[in-house]
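Keep the 3D view open and follow along, one region at a time.

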Amino acid sequence: MLQNAVTHHIPLPTDSIQKETTTMNLGPTHPATHGVFQNILELSGEKILSAEQTVGYIHRAFEKLAERRPLYQITTLTDRLNYCSSPINNMGWHMTCEKLLGVKTPKRVDYLRIIIMELARISDHLICNSIVGVDTGAFTGFLYVMQSREDIYEIYEEVCGSRLTTNIGRIGGFERNFNNIAFEKLEKFLITFPKVWKEFENLFNRNRIFIDRTKGGGPLSAEMAIKYSVTGPNLRAAGVDYDVRVASPYSSYEDFDFEIPVGTTGDNYDRFMVRNGEIWQSLRIIEQAYRKVQEFKGAEADVFHADVPEYYLPEKKDVYTKMEALIWHFKIIMGEIDIPKGEVYHSVEGGNGELGFYLVSDGGRTPYRLHFRRPCFIYYQVYKEIVKGSMLSDAIVTLSSLNLIAGEMDA
Amino acid sequence: MDMGLTNEIVKAKLTEKFGDALLNWEEPYGMLTFEAPSDLNLKVMQYLHDDGELGFTFLTDLTGIHYPDNKGSEIGVVYHLHNLAANVRIRMKVFTDINTPDIYTATSLFPGANWMERETFDFYGINFVGHPDLRRILNVDEMDYFPMRKEFPLEDQSRSDKDDEMFGRGGSYN
C-alpha cells in the first residue's frame, strides 16, 4: 500500500515488490553529481538487466528563447550547453552566423580561435578523464589536474573576462585583441601542462587496478555507435576515425598537422585513452597555432576581427566621436540588424562530438528557427544498451567515461 | 565505396528512383536539400541508407519546424544525413498537415532517431508512426501543448512595448 502513496515520474514495474529482481533508482542526481538525470535500473544481484534513463530536469528552452534574440545574444545560450568547453560552443555559433552572413575571417582570428578551442578541449577532456579516475576510486588525479584547468581559465579571463560561461569572441572575431598577459600565461601553460599530464597518465594508463576497473566495461561497437549517431571521442574509441575538424575543416584546421587517436573496443578504457591522446594532439595544435600567431608582425598583429560593422561593436572612443560608429553601436545593441534569409547547418568538433547548429532565417532580426545538435543528448541513448549485463559499479564508470553533461543534454 | 560521391550523383540517383515525387531541390551553402512527400520519407531514407553508392548510414540530426502560413503543410521534419566515408551531407524535409501530423518513424533504420523524434514530438507534436516509445522527453509529462509551435509566444502578448515589429517581421504572425 505504501508504494502507492508516492507519485513516480516513471511508474514502478507491476509486481516490483514480489519479483526477484531489484528496481533501483540511480539518481535523480548523477551518482557523481555531474548534473541532474535519473536512471531506473533493474538489477539481478549486482548485475544490470535493463536501464531506463530520464533527462530534462534542467531544460531551459534555448531554442524557443533563440527565436526572440538577435544573433549576438544567442552566444550566451551556447555557453550553457556543454559548460566544460563553452568556448567551442561560442565559436561554433559565431562560425554558423559567419557562414550565413558570408563573412570571411582573417587567418589570425582563425588561429587565435583554434588556440582557445583547443584549450577548451583540454579542459573538457581533463575533467572527464579525472572524473573517470574519481569514479574508480582514485581521487588524487582529479585534484592534481584542477590546477591546470585553473591555468586555462585564467587565459580565458585575460581574453574575455570570464571563466566558465565565457561568451568569448564575437561574430567576425574577438571583442578585443589578446593582451600580453594572455600570451605569457599560454606560454607558461605550454611548459607546465605536459609535465602535469604525463604524471596524470603515469598514475592511470598502466595502473593495474584502473585497467581492471575500466577494461571491457561499457563496450560500444563501431556498428552500434554509427546506428546511434554517436560522435566525438566515444565514436573514435569504437574505432571510427570521424572528426569534424578533419572531415569538414573550419577555422583553418586544414593548416595544422595533427592526428586523430582511435580505439578498438570502445570500452571505458578506450574512451579514457582516446581522450588522453586528444589532449596531446590539442597541445600540438596549440603550439603550432601559437607559432603561426607570432609570425604576424606590425599591423597584421593587430588584426583580431573581420570587417563586419553590422555585427561588430565599434570602439567606445569612436562611439563618442564618430557618427557612423554611434549608429552601428545603437543598431547592434537594439538588435535592429536584419539577418539575410537562408538556411545553414554548421558543425564543430565539440568536447563531446559533433556540435551542430541548424539555423533558419526568414530575414527577420532573430532566427526563425535554431536547433542545436547536442552530441550528448544523442549518444546518451546508447547507455542502456552498453550497460546491459554489466555490474552496477561498472555502470557508474561508464556514465562518467561517456562524459555526460546535463547542460548539453537538456538545452 | 565511391569517394567521388557528389550532390549531382545523389540527385540523379534519387530522381531516377522516385521521379518527380521529390521537390524543391536546393543547395544552400553547398548542402543538397530536397523535400519528400510525407508518406515517402521512410522509403527515401531506406534507399539512401541501403544503396551501396549513396551509403547515407549516419543520421546527424532530426528536428522539427513550424510554418503556420503554409496551410496544409504547416509542420515539418528536417533530417540531416551524412555519408561518413565519402563525407557528403544532405538535408531532407518532410511536411505535413498540422491537424494530422503523422510521419513514419526513422527508428527502424537509425535507432539513434529514438530520442530525436521524442524531442520533436515533445516540442512540435509530430506523431511518429511506429515509434517504439513516443513520450515527452524534456518537458513534463503533464504538459498539454507543444511549446515550439509558433502560436505559443515566448512573452506575454499583452505587452505593447515588445511586438514582432521589433524583431523585423511586421507582426505577420502570432
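## A covered strand in chain B

Strand β2 of chain B spans residues 32–36, and four of its five residues are buried. Here a residue is buried if 20 or more other C-beta atoms lie within 10 Å of its own, exposed if 12 or fewer, and partly exposed in between, with C-beta atoms placed from the backbone. Helices (H or I, at least four residues) and strands (E, at least two) are DSSP runs, numbered from the N terminus. This is a predicted model, in which local features need pLDDT of at least 70 and side-chain atom pairs count only at pLDDT 80 or more, while totals for chains, interfaces and linings use all residues. Residues are numbered from 1 along each chain as its sequence is written, and chains are lettered from A and ligands numbered from 1 in the order in which they are written.

What does β2(B) pair with? Strand β1 of chain B (residues 23–26) is joined to β2(B) by two bridges and runs antiparallel to it; two strands pair if DSSP finds at least two bridges between them. E26(B) has T33(B) in β2(B) as its bridge partner. Together β1(B) and β2(B) make a hairpin with five residues between them, and in the turn Y29(B) has a positive phi of about 50°. Strand β5 of chain B (residues 88–96) is linked to β2(B) by five bridges, and these two strands run parallel. Look for L32(B), which stands opposite I90(B) in β5(B).

## Chain B as a whole

Step back and chain B shows three helices and seven strands. Read from the N terminus, the order is α-β-β-α-β-β-β-β-α-β. Of the 174 residues in chain B, 40% are buried. Two residues are in contact if their C-beta atoms, placed from the backbone, lie within 7 Å. Among contacts in chain B between residues at least 6 apart in sequence, 50% join residues at least 24 apart.

## Where the two chains meet

The contact between the chains takes 31 residues from chain B and 34 residues from chain A. On the side of chain B, the elements giving two or more residues are β3 (58–66), β4 (75–83) and α3 (113–124). The largest share, six residues, comes from β3(B).

By class, this side of chain B has 18 nonpolar, nine polar and four charged residues. Ala, Val, Leu, Ile, Met, Phe, Trp, Tyr, Cys and Pro count as nonpolar, Asp, Glu, Lys and Arg as charged, and the others, Gly among them, as polar.

## Two domains in chain A

Chain A is divided into domain 1 (2–54) and domain 2 (62–410), with bounds that come from an automatic or database domain assignment. Their C-alpha centres lie 34 Å apart. Where they touch, 15 residues of domain 1 are in contact with 21 residues of domain 2. β3(A) gives the most to the domain 1 side, with six residues. That side has seven nonpolar, five polar and three charged residues.

β3(A) also belongs to an open sheet of three strands in chain A, ordered β1-β2-β3 with antiparallel pairing. β1 (22–26) and β3 are the edge strands, each pairing on one side only. From one strand to the next, the twist averages 20°. Five bridges join β1(A) to β2(A) (residues 38–44), and T23(A) stands opposite E42(A) in β2(A).

## Helix α16 of chain A

Finally, find helix α16 of chain A (residues 392–401), where seven of the 10 residues are buried. Among them are D394(A), A395(A) and V397(A). The buried residues of α16(A) pack against β3 (47–54), α4 (107–135), α7 (208–214), α11 (268–294) and α15 (383–386) of chain A. After α16(A) comes N403(A), with a positive phi near 55°.

How do α4(A) and α16(A) pack? Their angle is about 170° and their axes are 8 Å apart; axes are lines fitted to C-alpha atoms, for helices over the stretch in contact, and angles run from 0 to 180 degrees between N-to-C directions. The two helices are therefore roughly antiparallel to each other. Angles under 35 degrees count as roughly parallel, over 145 as roughly antiparallel, 65 to 115 as roughly perpendicular and the rest as oblique. From α4(A), I131(A), V132(A) and D135(A) meet I396(A), V397(A), S400(A) and S401(A) in α16(A). This contact has four nonpolar, two polar and one charged residue.
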